[in-house]
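Me: I am new to this structure and would like to get to know it step by step. Could you walk me through a few of its features?

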Amino acid sequence: MKRAVFPGSFDPITLGHSDIINRGLNLFDEIIIAIGINADKKYMFELEQRVAFIDVLYKEEPKIKVMTYSGLTVDFCKQQDAQFILRGLRNPADFEFEKAIGHTNRLLSEIETVFLLTSVRTSYISSSIVRDVMRNDGDYKLLVPKTVEK
């Protein structure tokens, strides 16, 4: 079984995330959407709410699991018997950042990182942009799946 972990904070999940996940379903037998827990980070949405956004969105997709984790992503991958880390790339800055993490993960483990380019229609969307739109009462619904509510 080809199992991939798609890690992130998903605060909140965006149309860019779901684009990568949906396209990843064609490549992997199972995708674990892994919501990282970082006690030092301030989130807009509680962990339970972020899990619920994704659970509801993918409730009909048997190839998707939603889990939470803390610590190194490669350690979580090993615990879940995942051979791949799935990541999305929006721009050159993402590439440089993700390349460094991918090389480090490969040094620490045998886990391969697979990069998918975001689609043109979602390449500008980030969770931080969505949070800013939400904080300023903008129409965030254009940027997130229908399961995300303020």
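Predicted model: local features only at pLDDT ≥ 70, side-chain atom pairs only at ≥ 80, totals over all residues.

Me: How far does H4 reach from its first C-alpha to its last?

Reply: H4 has 17 residues, and at 1.5 Å a residue a span of 24 Å is expected. The span in the model is close to that value: from first C-alpha to last, H4 reaches 24 Å.

Me: Within what arc do the buried residues of H4 fall, seen down the axis?

Reply: The buried residues of H4 are Asp94, Glu98, Gly102 and Asn105. Pro92, Ala93, Phe97, His103 and Leu107 are exposed on the other side of the helix. Among the elements that cover the buried residues are helix H3, strand S4 and strand S5. Seen down the axis of H4, the buried residues line one face of the helix, because they fall within an arc of 65°.

Me: What covers the buried residues of H2?

Reply: In H2, the buried residues are Arg50, Val51, Phe53 and Ile54. They fall within an arc of 155° when seen down the helix axis, so they line one face of H2. What covers them includes strand S2 (30-36) and strand S3 (64-69).

Me: Is Val56 buried, partly exposed or exposed?

Reply: Val56 lies in helix H2, which spans residues 47-57. Buried would need under 20% relative accessible area and exposed over 50%. Val56 has a relative accessibility of 45%, so it counts as partly exposed.

Me: How far apart in space are Val56 and Val148, C-alpha to C-alpha?

Reply: Along the sequence, Val56 and Val148 are separated by 92 residues. In space, their C-alpha to C-alpha distance is 9.5 Å.

Me: Is the pair of Phe45 and Phe53 stacked or edge-to-face?

Reply: A search of the whole structure turns up four aromatic pairs. For Phe45 and Phe53, the ring centres are 5.1 Å apart and the planes stand at 80°. Both residues are buried. An angle over 60 degrees counts as edge-to-face, so with planes at 80° this pair is edge-to-face.

Me: What is the angle between the planes of Tyr69 and Phe76?

Reply: Tyr69 and Phe76 are both buried. Their rings form a stacked aromatic pair, 4.8 Å centre to centre, with an angle between the planes of 25°.

Me: Over the face of which residue does Arg50 lie?

Reply: Arg50 is one of the buried residues of H2. At 3.9 Å from the ring centre, Arg50 lies over the face of Tyr43.

Me: Which side chain makes a polar contact with the side chain of Ser126?

Reply: Ser126 sits in the loop between S5 and helix H5, and it is buried with a relative accessible area of 11%. Its side chain also reaches the backbone nitrogen of Ile129 at 3.2 Å. Leaving aside neighbours within four places in sequence, Ser126 is in contact with Thr14 and Arg90. The side-chain partner, at 3.1 Å, is Ser128.

Me: Which side chain is joined to that of Glu30 by a polar contact?

Reply: Glu30 lies in strand S2 and counts as buried at 8% relative accessibility. Not counting residues up to four places away in sequence, Glu30 touches Met1, Lys2, Arg3, Ala4, Lys63 and Lys65. The polar contact, at 2.4 Å, joins Glu30 to Arg3.

Methods:
Residues numbered from 1 in each chain as written. Heavy atoms only, no water. Helix = DSSP H or I, 4+ residues; strand = E, 2+ residues; numbered from the N terminus. Expected span 1.5 Å × (residues − 1). Buried < 20%, exposed > 50% of the residue type's maximum accessible area, 1.4 Å probe, protein only. Arc of directions from axis to C-beta. Contact = heavy atoms within 4.5 Å. Polar contact = N/O pair within 3.5 Å; in protein donor to acceptor, adjacent residues only side chain to side chain. Phe/Tyr/Trp six-rings, centres within 6.5 Å; stacked < 30°, edge-to-face > 60°. Lys NZ or Arg CZ within 6 Å of the ring centre and 35° of its normal.
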